[in-house]
Amino acid sequence: MLDFAIFAVTFVIILVGAVLYLYPSSRRASGIPGLNPTDEKDGNLQDIVNRGSLHEFLVSLHLRFGSVASFWFGGRPVVSLGSVLQLQQHINPNHSTDSFETMLKSLLGYQSGTGGGATESVIRKKVYESAISNTVEKNFPLVLKLVEELVGKWTSAPEAQHTPLCAHLLGLAMKTVTQLALGETFRDDSEVLSFRKNHDAIWSEIGKGYLDGSLEKSSSRKAHYEKALSEMQSVLLSVAKERRAQRKQTVFVDALLQSSLTERQIMEDCMVFTLAGSVITANLCIWALHFLSTSQDVQDKLCQELEQVLGSDPISLDKIPELRYCQQVLNETVRTAKLTPVAARLQEVEGKVDQHVIPKETLVIYALGVVLQDSDTWSTPYRFDPDRFEEESARKSFCLLGFSGNQTCPELRFAYTVATVLLSTLVRQLKLHPLKGQVMEVRSELVSTPKEETWITVSRRKQK
């Protein structure tokens with residue numbers, strides 16, 4: 001099974017640059033069909049920019065050259081895999097690091113692992129994942145409370161009122177992640193708003209400034225980004241210091257403090273979780289509610305399962321595995337929205353896909369957005385249809401892509417938990433309706449997000 005976690009388009013661009021700098025011996029072309037460089041210095045970078053995103057570029061690349069294709073970044077080749085069959089063949093024994101963690105830390109100027117090699121990297125990864133898992137178990141009632149507060153607001157609002165999904169669900173995600181990661185200080189909305197301001201400034205530049213080099217060309221933007229990063233790091237260091245003195249063991253940072261990580265490493269892992277956890281959780285919830293609003297049949301089927309499993313009781317952590325259809329809804333949300341359209345690995349040993357040899361130290365891109373809507377793998381790929389995951393073949397393909405099973409990145413597992421609590425609470429009380437005339441456009445960058453605010457209306461579900 002492919003071992004990778006999910007990360008974003010611009011991370012891939014930075015990874016390419018890092019690989020090309022660190023591995024000058026990997027110059028030789030692979031002989032895989034693909035584009036010639038349009039510029040001697042930049043390779044096909046301008047082609048990517050012209051397409052609007054790396055995902056859209058990869059769609060056109062694979063449409064033209066097939067499921068195994070190459071392009072150039074600078075003077076070096078990059079290989080992209082665009083089908084389940086080719087991903088199954090790709091063998092890469094890089095299991096010591098997490099692609100998502102590695103790239104986000106690289107962008108932030110952090111070091112992956114503990115600085116002592118592959119074994120230490122594995123240990124740090126396990127500490128990080130265990131800290132998230134334990135935090136969810138200890139704080140599940142808090143997740144439920146925050147969700148119930150939001151659903152309560154929607155229930156008390158007039159039925160004709162338009163509800164902004166992006167604003168409300170990013171707020172929910174930010175409150176949930178900061179309180180579970182950093183503790184009760186972030187029960188204060190002013191603390192969350194301050195944190196969100198810096199979070200947004202950092203994330204937006206990761207999403208755009210590195211791709212076209214515009215961040216380096218704008219001294220004011222760079223200063224704003226660096227100020228936000230510095231302020232956020234200071235907050236995280238301060239929180240860790242306070243929690244250490246309090247000797248508490250309830251939230252994510254507390255678990256890290258019990259490990260052998262340094263103060264700096266604890267701050268870095270808190271930064272990764274709060275940045276990525278908030279965005280992935282928010283967008284999974286946004287897309288899930290949007291798709292549900294367009295299908296009353298799916299809503300009713302989900303409500304029926306929730307009532308059969310939970311009755312009128314609130315959801316509990318031990319009941320989540322019983323909600324199979326809810327899991328299918330979230331799986332289909334990830335697939336249809338192409339929630340994370342690109343992932344990648346560095347080829348650490350020479351590999352082979354079909355008849356093509358992939359040289360050592362080549363960057364191999366997994367064109368997940370292409371694969372998730374490949375008609376050879378998914379019937380009616382552009383249709384939102386959770387029932388497709390009743391088939392073993394669909395579940396196997398989804399797992400192979402790293403979206404379920406043991407290889408799922410911890411941030412996505414966390415997002416699934418929050419989204420399940422949201423759906424189980426909301427769908428039993430309210431019906432969701434799309435706003436007439438609204439056209440959804442997707443921005444497939446770091447994580448696939450709506451280009452503009454997404455609106456729905458709600459109505460109260462009749463009690464039986």
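Over how many bridges do E4 and strand E7 pair, and in which sense? What you see is a predicted model, in which local features need pLDDT of at least 70 and side-chain atom pairs count only at pLDDT 80 or more, while totals for chains, interfaces and linings use all residues. Residues are numbered from 1 along each chain as its sequence is written, and side-chain values use heavy atoms, with hydrogens and water left out.

The chain's secondary structure comes to 17 helices and 11 strands; helices (H or I, at least four residues) and strands (E, at least two) are DSSP runs, numbered from the N terminus. Of its 464 residues, 57% count as buried. Here buried means under 20% relative accessible area, exposed means over 50%, and partly exposed is in between (1.4 Å probe, protein chains only). The chain exposes about 19800 Å², and carbon and sulfur atoms supply 50% of that area; accessible areas come from the Shrake-Rupley method with a 1.4 Å probe, and for residues only the protein chains shown count as cover. Take contacts (heavy atoms within 4.5 Å) between residues at least 6 apart in sequence: 75% of them join residues at least 24 apart.

Now back to the opening question. E4 and E7 (residues 363–366) pair in the antiparallel sense over 4 bridges; two strands pair if DSSP finds at least two bridges between them. One of the places to look is Leu346, whose bridge partner in E7 is Leu363. Ala343 stands opposite Tyr366 in E7. Tyr366 is also the bridge partner of Leu81, and E2 and E7 run parallel, joined by 4 bridges. Both faces of E7 are covered, with Leu363 and Ile365 on one side and Val364 and Tyr366 on the other, all buried. In a regular strand the side chains alternate between the two faces of the sheet.

These strands belong to an open sheet of 4 strands in the order E1-E2-E7-E4, with mixed pairing. Strand E1 (68–73) and E4 stand at the edges with a single partner strand each, so one side of each is left without a neighbour in the sheet. From one strand to the next, the twist averages 30 degrees. Helix H3 (residues 54–65) packs on this sheet, touching E1, strand E2 (76–81) and E7, and its direction makes about 130 degrees with that of E1. Such angles run from 0 to 180 degrees between N-to-C directions, with axes that are lines fitted to C-alpha atoms, for helices over the stretch in contact.

Another open sheet has 3 strands in the order E3-E11-E8, and its pairing is antiparallel. Its edge strands are E3 (163–164) and E8 (430–434), each of which pairs on one side only. E8 and strand E11 (residues 455–460) pair over 5 bridges, and the bridge partner of Lys431 in E11 is Ser459. Helix H12 packs on the sheet, touching E8 and E11, and its direction makes about 85 degrees with that of E8.

Next comes the interior. A nonpolar core is a set of buried Ala, Val, Leu, Ile, Met, Phe, Trp, Tyr and Cys residues joined through side-chain atoms within 4.5 Å. The largest one has 115 residues, and Leu108, Trp154 and Leu289 are among those with the most contacts inside it. Helix H12 (residues 263–293) gives the largest share of this core, 17 residues. Apart from it lies another core, of 17 residues, including Ile48, Leu54, Leu58 and Ala69.

Glu268 lies in helix H12, and at 5% relative accessibility Glu268 counts as buried. Its C-alpha atom is separated by 8.8 Å from that of Leu108, 160 residues apart along the chain. As for helix H17 (residues 410–426), 16 of its 17 residues are buried, so this helix is largely enclosed by the rest of the structure.

Arg247, in the loop between helix H10 (219–246) and helix H11 (252–257), has a phi near 55 degrees, a positive value in a residue other than glycine. Lys338, in the loop between helix H14 (324–337) and strand E4 (343–346), has a positive phi of about 50 degrees although it is not a glycine. Arg247 counts as exposed at 72% relative accessibility, whereas Lys338 counts as buried at 10%.
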